[in-house]
Amino acid sequence: MLSQIRKILLMQIRTVTNKSRPVALKAMKKKSSNQVSQYFIDERYIRAIGGKGGDGCISLLRVWANEFAGPDGGDGGNGAHVVLEASTDVNDFKHISSVLEAPDGENGMNKDCHGKNAPHKVVRVPIGTIVKNIRGEVVGDLEKEGVMFVAARGGAGGKGNHFFSTSVNKTPEVCEYGASGEDVAYTLELRSMAHVGFIGLPNAGKSTLLRMITRAKPKIASYPFTTLKPHLGMIPYDDYEQISVADLPGLISGSADNRGLGIQFLKHAERCNTLLFVIDVSLDEPWEAYYILTNEINKFSEELMTRKQIIAANKIDEPGAEENLKILREKFSHLTVVGISAKFGTNITQLLDVIRENYDEQMESEKLRKEKDEI
Ligand SMILES: Nc1nc2c(ncn2[C@@H]2O[C@H](COP(=O)(O)OP(=O)(O)OP(=O)(O)O)[C@@H](O)[C@H]2O)c(=O)[nH]1
């Protein structure tokens, strides 16, 4: 049954696009040599220096009348590690300084007191951070909340003179110095979750659109909040370029204040370079959806509102939708508005053209920015 429905849908798309492959596009531009990656990359060079271990202590315990009773110098504490931890609380590397130094361990003390171990220096990095060594090899992939990478180990604390002799008759004037921490250089790279993020109210048709244009198989249902976590897919183009897209769970009024599925989904949106608003134009006054969505985004992050925006006005197959689409176009004449039916494949090629053009433009300006940085 399902495969029959799929066949019918594919036939419909073919009628619309008149192409043998329903979703792929002809290359609009020759693929330039820099367009090999499907990810936008943010980079930072860092040097991580572990803390030095505390020195061991030399101390001679004396008892009555200054009589020598044995060595009692304690050990030094361990130097701290520099640790990178993936966290949704940060979205870029702006807060990370180029030299990350962990604190030193405390020196040992007399009366067999050991110095304290230094607390580790934990630096939060965005989820999706890749750690590379100076040879460019990937040594860490921080793709989940809470995943940690020890970038530089702290040095061990030195032994105090107590360690070197247990004999009360000897006076060992020896101790160890604490070892130095590691000193390592890395490149941090941030992979965006997807180039395009679908933003929309629940039930707008985001999952249906993702299914239509990629091979992803998100759940589709006629009730809101079917999508509870982001689904990723790749749009394949005829020139073998692929663009990553993410179906983000539906936003509602109050999401920025953590209502509904809350703020974490707006955080996902922050990792997309383009926001594709999926708006159900079969509803009354569908432009209200855009205002609700942008209001939530704006409350969450003004910067997010500066991202490129495209509107996919969905469900144009429904009665009254064409009329609404006209008004929507007039209201948002400053944006690209494509009327589509994600369910029946109407104007999907047109939408994919818009996504591709925008992607090519962004890649070009990213290339120029990198060239400028290198000068
Ligand atoms: N008529 C029509 N119905 C559609 C279209 N696109 C999606 N639908 C229907 O709308 C309902 C919701 O679609 P979904 O794709 O699950 O919507 P969603 O935005 O992912 O929903 P959430 O998971 O709640 O965020 C389903 O019943 C779809 O079949 C369309 O172009 N035309």
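The buried residues of helix α6 (residues 321–331) are Ala321, Asn324, Leu325 and Leu328; "buried" here is a count of 20 or more other C-beta atoms within 10 Å of a residue's own, "exposed" is 12 or fewer, and "partly exposed" is anything in between, with C-beta atoms placed from the backbone. They span an arc of only 105° around the axis, so they sit on the same side of α6, the arc being that of the directions from the helix axis to the C-beta atoms. Turn to the face away from that buried side and there are the exposed residues Glu323 and Glu330. As for partners, the buried residues of α6 pack against α5, β15 and β16. Helices (H or I, at least four residues) and strands (E, at least two) are DSSP runs, numbered from the N terminus.

All of this comes from a predicted model, in which local features need pLDDT of at least 70 and side-chain atom pairs count only at pLDDT 80 or more, while totals for chains, interfaces and linings use all residues. Residues are numbered from 1 along each chain as its sequence is written.

An open sheet of 6 strands is ordered β12-β13-β11-β14-β15-β16, and its pairing is mixed; two strands pair if DSSP finds at least two bridges between them. At the edges are β12 (231–236) and β16 (336–339), each pairing on one side only. On average, neighbouring strands of this sheet are turned by 25° against each other, direction ignored. Axes are lines fitted to C-alpha atoms, for helices over the stretch in contact, and angles run from 0 to 180 degrees between N-to-C directions.

Within this sheet, β14 and β15 run parallel and are joined by 7 bridges, with threonine 274 having lysine 308 in β15 as its bridge partner. Strand β15 (residues 308–314) also runs parallel to β16, through 4 bridges, and here alanine 313 stands opposite glycine 339 in β16. Since 5 of the 7 residues of β15 are buried, this strand is largely enclosed by the rest of the structure.

Helix α3 (residues 206–213) lies across β11 (194–199), β12, β13 (242–247), β14 (272–280) and β15, running at about 160° to β13. Helix α5 packs on the sheet too, touching β11 and β14, and its direction makes about 145° with that of β14. Contact means that the C-beta atoms of two residues, placed from the backbone, lie within 7 Å.

What about the nonpolar interior? The largest nonpolar core has 46 residues, of which Phe198, Phe277, Ile279, Ala312 and Ala313 touch the most other members; a core is a set of buried Ala, Val, Leu, Ile, Met, Phe, Trp, Tyr and Cys residues joined through C-beta atoms within 7 Å. Leaving aside neighbours within four places in sequence, isoleucine 279 is in contact with Gly200, Ala204, Pro286, Ala289, Tyr290, Ile311, Ala313 and Asn314. Another core, of 22 residues, lies apart from the largest one and includes Ile49, Ala118, Val131 and Ala152.

There is also an open sheet of 3 strands, in the order β6-β4-β9 and again with mixed pairing. Its edges are β6 (121–126) and β9 (148–152), each with a single partner strand, so one side of each has no neighbour in the sheet. The twist averages 30° from one strand to the next. Strands β4 (residues 82–87) and β9 run antiparallel, joined by 4 bridges, and valine 82 stands opposite alanine 152 in β9.

Zooming out, the protein chain has 7 helices and 16 strands. Of its 375 residues, 42% count as buried.
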